[in-house]
Amino acid sequence: MTHPELTLTERRPFHTQRRDTWWLQPLAVFVGLGAFIVYATFRVLEGEHFISGPYLSPFYSPLLFGTDAHSLEHSWFGEMPSWMPALITPAALILWAPAGFRFTCYYYRGAYYKAFWADPPSCTVSEPRKGYRGEHSFPLIIQNIHRYFLYLALIFLIILSYDVWVALWFPDGNGGKTLGIGIGTLVLAGNVIFLGGYTLGCHSLRHLVGGVVDLLSKAPIRRRAYNCVTCLNERHMLWAWMSLFWVGFSDVYVRFIGPALGQDWITF
Ligand code: FES
């Protein structure tokens, strides 16, 4: 059998024979992810308006240090130390963990390599560079840290679930608290659901629960866990975007909508 001879020719950047709108997806990723990064940076640096009633913004959870009397109720270790530089807000102390988890996510890597530095711009579209060192060499080899960020992301999921529990308790008018439910409670619960779908469908988690045994069929519990993770993993991109949007919306709710609405809850 003979094989046709293939010759690689040097092409100008972004050259392609594709006729479809291949640039649309990277552009959408650039706009969507870029908008989120700009908004999140603004909120991290703002350092206030992260609590509304019993609702704590997920950008500030866990709240290690409070910055005023109201936030002290939610804080783990009391007041923010006075020696802390002004740029280090309570969000800056913790957001590196979920941000690192997303930044190193296998899906996002594929998406932002294309959208932010055209590496490659898309399949069968030539790159504006000649060399390619891949993720086996520095600096991108650092992306392998993703599996460790996963453990932190799982802890954050538990903490955010606890925030939903806290968001079920409202002032009863006598100095105590009573059970209820508000729009903010539903918003924070939605955040946990979407983040759960994203985190529990992680490729690294899939490997963790099912990747070490030789015969998965002989480990029924692991096989079931593996199937569950796989089921979420099949829609990982969708979960990634829904959770990104919803975590941003949850913060918008706590920052802008909740205070504007006032009492958004009913008690039982
Ligand atoms: S691969 Fe996307 S969260 Fe792990």
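Mentor: We take the labels one at a time, and the model is a predicted one.

Trainee: What does the chain contain?

Mentor: The chain has ten helices and five strands. Its C-alpha atoms fill a box of roughly 85 × 50 × 40 Å along the principal axes. Of its 268 residues, 28% count as buried.

Trainee: Why is α8 called roughly antiparallel to α9?

Mentor: Helix α8 (residues 203–210) and helix α9 (residues 220–233) pack at an angle of about 165°. Angles over 145 degrees count as roughly antiparallel. The angle of about 165° is over that cut-off, so α8 is roughly antiparallel to α9.

Trainee: How far apart are the axes of α8 and α9?

Mentor: The two axes are 8 Å apart. α8 passes α9 in a left-handed crossing.

Trainee: Which residues of α8 and α9 meet?

Mentor: From α8 come H203, L205, R206, V209 and G210. From α9 come R222, R223, A225, Y226, V229, T230 and N233. By class, this contact has five nonpolar, four polar and three charged residues.

Trainee: What makes S75 partly exposed?

Mentor: Count C-beta neighbours inside 10 Å: S75 has 18. Buried needs 20 or more, and exposed needs 12 or fewer. The count of 18 falls in between, so S75 is partly exposed.

Trainee: Where is S75 in the chain, and what does S75 touch?

Mentor: S75 is in the loop between α2 (69–72) and α3 (90–94). Leaving out residues up to four places away in sequence, S75 touches L63, L64, F65 and G66. S75 and F65 are ten residues apart along the chain, yet their C-alpha atoms are separated by 5.1 Å.

Trainee: How do you know that β3 and β4 pair?

Mentor: Pairing takes at least two bridges. Strand β3 (residues 169–171) and strand β4 (residues 177–182) have three, in the antiparallel sense. W169 stands opposite L179 in β4.

Trainee: What lies between β3 and β4 in the hairpin?

Mentor: Five residues lie between the two strands. In the turn, G173 has a positive phi of about 90°.

Trainee: What makes β4 and β5 a pair?

Mentor: Apply the cut-off of at least two bridges again. β4 and strand β5 (residues 265–267) have three bridges, so they pair, in the antiparallel sense. G180 stands opposite T267 in β5.

Technical notes: Residues are numbered from 1 along each chain as its sequence is written. This is a predicted model: local features need pLDDT of at least 70, side-chain atom pairs count only at pLDDT 80 or more; totals for chains, interfaces and linings use all residues. Axes are lines fitted to C-alpha atoms, for helices over the stretch in contact, and angles run from 0 to 180 degrees between N-to-C directions. Helices (H or I, at least four residues) and strands (E, at least two) are DSSP runs, numbered from the N terminus. Angles under 35 degrees count as roughly parallel, over 145 as roughly antiparallel, 65 to 115 as roughly perpendicular and the rest as oblique. A crossing is left-handed if the near helix is turned anticlockwise from the far one by less than a right angle, and right-handed if clockwise. Two residues are in contact if their C-beta atoms, placed from the backbone, lie within 7 Å. Ala, Val, Leu, Ile, Met, Phe, Trp, Tyr, Cys and Pro count as nonpolar, Asp, Glu, Lys and Arg as charged, and the others, Gly among them, as polar.
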